There are 2 protein chains.
Amino acid sequence: MITTFLPIPRTLMGPGPSDVHPRILTAMAKPTIGHLDPEFIRLMDEIKVMLQGVFQTQNALTIPLSAPGSAGMEASFVNLIEPGDKVIILQNGVFGGRMAENVRRFGGDLVLLETAWGRAIDPEQLRSALQAHPDTKIVAFVHAETSTGVRSDAKSLCELAHAAGCLTIVDCVTSLVGCEVDVDGWGADVVYSGTQKCLSCAPGLSPFTMSERAASLTQTRKTPVPSWFLDMNLVMGYWGAGSTRAYHHTAPVNALYGLHEALLMATEEGLSAAWARHARNHEALKAGLEAMGLRFFVPESERLAQLNLVEVPAGVDEALIRRALLGSYNLEIGAGLGPLAGKVWRIGLMGYASRPENVLLCVSALEAVLAQSNAPIHRGQAIDAVQSVYASA
Amino acid sequence: MITTFLPIPRTLMGPGPSDVHPRILTAMAKPTIGHLDPEFIRLMDEIKVMLQGVFQTQNALTIPLSAPGSAGMEASFVNLIEPGDKVIILQNGVFGGRMAENVRRFGGDLVLLETAWGRAIDPEQLRSALQAHPDTKIVAFVHAETSTGVRSDAKSLCELAHAAGCLTIVDCVTSLVGCEVDVDGWGADVVYSGTQKCLSCAPGLSPFTMSERAASLTQTRKTPVPSWFLDMNLVMGYWGAGSTRAYHHTAPVNALYGLHEALLMATEEGLSAAWARHARNHEALKAGLEAMGLRFFVPESERLAQLNLVEVPAGVDEALIRRALLGSYNLEIGAGLGPLAGKVWRIGLMGYASRPENVLLCVSALEAVLAQSNAPIHRGQAIDAVQSVYASA
């Protein structure tokens, strides 16, 4: 007998979705209006302005796509690639691999450069590749790899690509609002993100921005974009200036209410303050976990504050620990992916989930369930370590 | 200065989105949980079962896609078509034209058969086309054309296509729950819908079902599906049986809460009761509008109860009337599309919007604003005409 679904409230500290702020949940429950209503046009216009703010860009083509981050990735490649175009993918985790899969499916000539999982992309690797492949049209990489918790140097990579006359595609799904994303400062051409990470919003939309150069290429390509739903020439007709709006698809109205509120909250907090908050809570989590004797997987200078890869102690069944956290404390943390499965946990401190109470809960709960599993950890020091970070801030 | 968006509550009687039931709005505001949470798996399983119910199918591959109905259309074509495949599109409105555009973009060999807007597709036209094109692989059409308010005979069309060894793709965006959709009875291979019509749910998801025959073709095609996001081989790995679920994308958790509640409400009401409700409210609307002297655009036997095309009286500026309805009564009705722009209104009675109070509001408000515009209508009889339908039911 199926009845109304009543989710058990959880604390979401995995790789996403992360905790959604109550203001945003409330926003999504407001009465639906038509997607041609003048009030809805105002909503769209305000979302565009605030998205330009969090992306730090003046790009006119800055909108949320009506589908999750994976559709943002697909929109990036399907609009820019024509069959035979050479594309360099710099891969250092799952999502770079997915980029490569996009290139293959759209008939691109793929040059795949791999980096060890858990390490940032080395700009020198790109420099050599561009010399070896002077006919490259597009360079693409992930700024903040959700599978490894690593941040790469997007500015240096974009500058190298630009100097070689290439367009750039940058995945900022996990970075947007959690650490600096500077689309215009980097000179990135196409950047996409997701709503369910540091924006504290429900999953389902993909913030997306495209430079004039990339938009112009999309307008003048020789072959039609092999997607109707994600063809930016059509999508922009829908999201463009008021007088010329052409029906494309029915926008997800209530999800956009949520995104509007999330962007408003990010604007109220300010980008620098949000980045500082993510950094401070990361420091507290690190202090607590290291006091227990746990180790971080990624070299310190390459770590994301918002997504922490923590090594599973020898002899510990990591899935058992996650099940205990969820079962006893309604706390969700993430597992490792691919070659890191079984070896690490992924602990997210993203958006509204990046709060001192979450840090303290996570550290305390991990100490409790690891101790119960007889894991080799130091006891009784983690809470003070967390508190000392907040006390000194 | 941007502040929290507070939508003006409207009554949505256009072509969609239609009024969302308060139970569904409330469901969408429940706390987000992780998309790998065991509770979320239960949510997915219940949604699949209830979707099979409203589609009237046993297809194992019956799921909601994480994007609007246009993505459902794209998923249908991108998975089935390989370059060079011959596809017959039976077009009698905007959405058939969009199907043709999908065929072109995926390299299909398009045979486009056009029907006058406002008329149902003639099965004889398909019979002749199948004789002329015996190498056809796919036949596609729209069951309920949202641009014209016409229902075509899906069962006859599917049977003809099947007899010729073709697969069928049927657009049921506006029909699902509003009138009979019988996927297994028709023998349709791929059917998609939207959440924002007769399901009373917010826009953003596309209920989708695929026969075993179509799924098997997708698994054995020679070329990769030219979409990663919509590749059903991957999507099913995510929505499939519990033990083998593979991460694909992050599901739109809160939108799925809404769909779950919408499906539960449809299940509680029962399909036959929902169809009868849509038919009864259509009769009342028709009685009221005809008492005013307004005329329906579509021949009676081909009309959709849930979407009514009403002719604009001579000399009336249709946009002015719609603006007056919205401005004075917060009532949204739809404009005509394409060749019907300026000539008709589209009045939706879909899902939760299909209620006696909406019918009465719409009829009364139209009488008021048309009279104020000195339109040539009969006065003072519409309300009684509406009431007489409900009194006799």
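This is a short talk about chain A of a predicted model, and about its strand β13(A) in particular.

Okay, housekeeping. Residues are numbered from 1 along each chain as its sequence is written, and chains are lettered from A in the order in which they are written. Since we're looking at a prediction, local features need pLDDT of at least 70 and side-chain atom pairs count only at pLDDT 80 or more, while totals for chains, interfaces and linings use all residues.

So, the whole chain. Chain A has 14 helices and 13 strands; those are DSSP runs numbered from the N terminus, helices being H or I of at least four residues and strands E of at least two. Of the 393 residues, 58% are buried, where buried takes 20 or more other C-beta atoms within 10 Å of the residue's own, with C-beta atoms placed from the backbone. The C-alpha atoms fill a box of roughly 65 × 55 × 50 Å along the principal axes.

Now, β13(A), residues 344-348. Is this strand enclosed or open? Five of its five residues are buried, so the strand is largely enclosed by the rest of the structure. On one side you've got A:Val344, A:Arg346 and A:Gly348, and on the other A:Trp345 and A:Ile347, with both faces covered.

And the neighbours? Strands count as paired if DSSP finds at least two bridges between them. Strand β11, residues 307-311, pairs antiparallel with β13(A) over five bridges, and there A:Val310 sits opposite A:Trp345. Strand β12, residues 331-335, also runs antiparallel to β13(A), joined by two bridges, with A:Gly334 opposite A:Arg346.

Methods:
Buried ≥ 20, exposed ≤ 12 C-beta atoms within 10 Å, placed from the backbone.
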